[in-house]
Amino acid sequence: MRAITIPEPGGPEALVWAEVPDPEPGTGELLIEVCASAVNRADVLQRQGHYAPPPGAPTYPGLECSGTVAAVGPGVAGWTVGQPVCALLAGGGYAERVAVPAGQVLPVPVGVDLVEAAALPEVACTVWSNVARLARLDRGETLLVHGGGSGIGTFAIQFGKALGATVAVTARAGKHGPLRELGADHTIDYREQDFVEEIRSATGGRGADVILDIMGAAYLGRNVAALATGGRLVVIGLQGGRQGELDLAALLAKQGTVAATTLRSRPVEQKAAIVRGVREQVWPLVESGRIRPVVDRRVPLERAAEAHRLIESSDHLGKVLLVRER
């Protein structure tokens with residue numbers, strides 16, 4: 001088969017479309033004939049040499065895919081060859097086929113195109129596990145999402161609204177219109193506005209009950225300042241650095257919580273539990289139309305470098321998909 005490989009770390013040109021060995025499904029796994037994958041920031045980091053795949057994972061980038069079941073491994077029940085599916089991966093989505101634990105596979109939601117289903121697994125699992133399961137966002141609370149124009153951001157807006165929350169986002173000014181159309185109640189231009197002041201103003205001085213943060217160190221102090229009493233900050237990315245100073249007195253005064261999570265390196269059993277939660281609690285929202293995949297554009301898989309350049313520019317809105325041309 002063919003896949004996007006990374007012979008040496010580097011810029012987008014380091015991505016090479018090449019022949020590689022065919023994967024075989026092991027015990028408890030499905031083999032998926034890939035229709036589409038999606039580009040995530042983790043793929044960019046892997047290409048740059050900063051984010052190695054977990055032990056045993058495929059070396060090719062790609063944390064999610066959609067396609068059809070090509071083979072069913074030993075010990076797997078409930079899936080049939082030819083069935084349309086999408087899946088959360090530890091790697092390997094930038095390929096023609098990928099083997100994945102059956103517990104990380106989801107049916108394509110009713111009403112969703114097979115290609116666009118590739119935009120859902122990673123964002124759905126990340127947002128649900130952090131916003132609902134960890135931070136326990138409740139109806140009537142305020143959710144602040146940093147990077148509102150990203151795949152995570154566009155999904156989190158819709159999910160927060162479906163839970164009955166007020167949603168605020170930080171994003172470039174040019175993205176504010178589409179984000180409001182998705183349901184964002186408050187849009188903050190992080191280049192021109194202080195999000196701490198803006199979220200306090202929007203909440204009558206109270207602050208955000210939950211903050212979903214992709215920036216890390218650069219936003220740590222301001223995120224604590226933006227929290228409401230009893231607020232929960234969840235860090236899921238380090239685009240603004242990995243080491244920051246935390247004012248514990250400010251956190252104590254807020255009775256706040258700071259948590260940090262990653263999805264890719266979790267054990268298979270934990271990922272399977274998250275996928276089950278998504279299937280039970282998120283898929284009905286997708287099938288009812290309350291949440292939809294937001295896709296900026298589709299790029300042929302062999303032109304993955306072009307898609308990486310777009311992600312690095314941050315000019316996209318939602319997900320950028322890599323599609324196999326048949």
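His-146 is found in strand β8, residues 142–146; strands here are DSSP runs of E with at least two residues, helices are runs of H or I with at least four, and both are numbered from the N terminus. This is a predicted model, in which local features need pLDDT of at least 70, side-chain atom pairs count only at pLDDT 80 or more, and totals for chains, interfaces and linings use all residues. Residues are numbered from 1 along each chain as its sequence is written, and side-chain values use heavy atoms, with hydrogens and water left out.

**Around His-146**

With 1% relative accessibility, His-146 counts as buried (buried is under 20% relative accessible area, exposed over 50%, partly exposed in between, with a 1.4 Å probe and protein chains only). Its side chain makes a polar contact of 2.8 Å with the side chain of Asn-223. Such a contact is a pair of N or O atoms within 3.5 Å; within protein, one must be able to donate a hydrogen and the other to accept it, and residues adjacent in sequence count only if both atoms are side-chain atoms. Beyond the neighbours within four places in sequence, the residues in contact with His-146 include Phe-195, Tyr-219 and Asn-223 (contact means heavy atoms within 4.5 Å).

**Aromatic pairs**

Two of those names lead us on to the rings. The model holds 2 aromatic pairs, where rings of Phe, Tyr and Trp (its six-membered ring) pair if their centres lie within 6.5 Å; planes under 30 degrees apart count as stacked, over 60 as edge-to-face and the rest as tilted.

| Pair | Centre to centre | Angle between planes | Class |
|---|---|---|---|
| Phe-155 and Phe-159 | 6.5 Å | 25 degrees | stacked |
| Phe-195 and Tyr-219 | 5.0 Å | 45 degrees | tilted |

Phe-155 and Phe-159 lie about one helical turn apart, because they are 4 residues apart in helix α3. Both Phe-155 and Phe-159 are buried.

Phe-195 is buried, at a relative accessible area of 1%, and Tyr-219 counts as buried at 9% relative accessibility.

**Lining of the largest pocket**

Helix α1 (41–48) is among the elements that each supply at least two residues to the lining of the largest pocket, as are α3 (151–162) and β15 (319–323). The greatest contribution comes from α1, with 5 residues.
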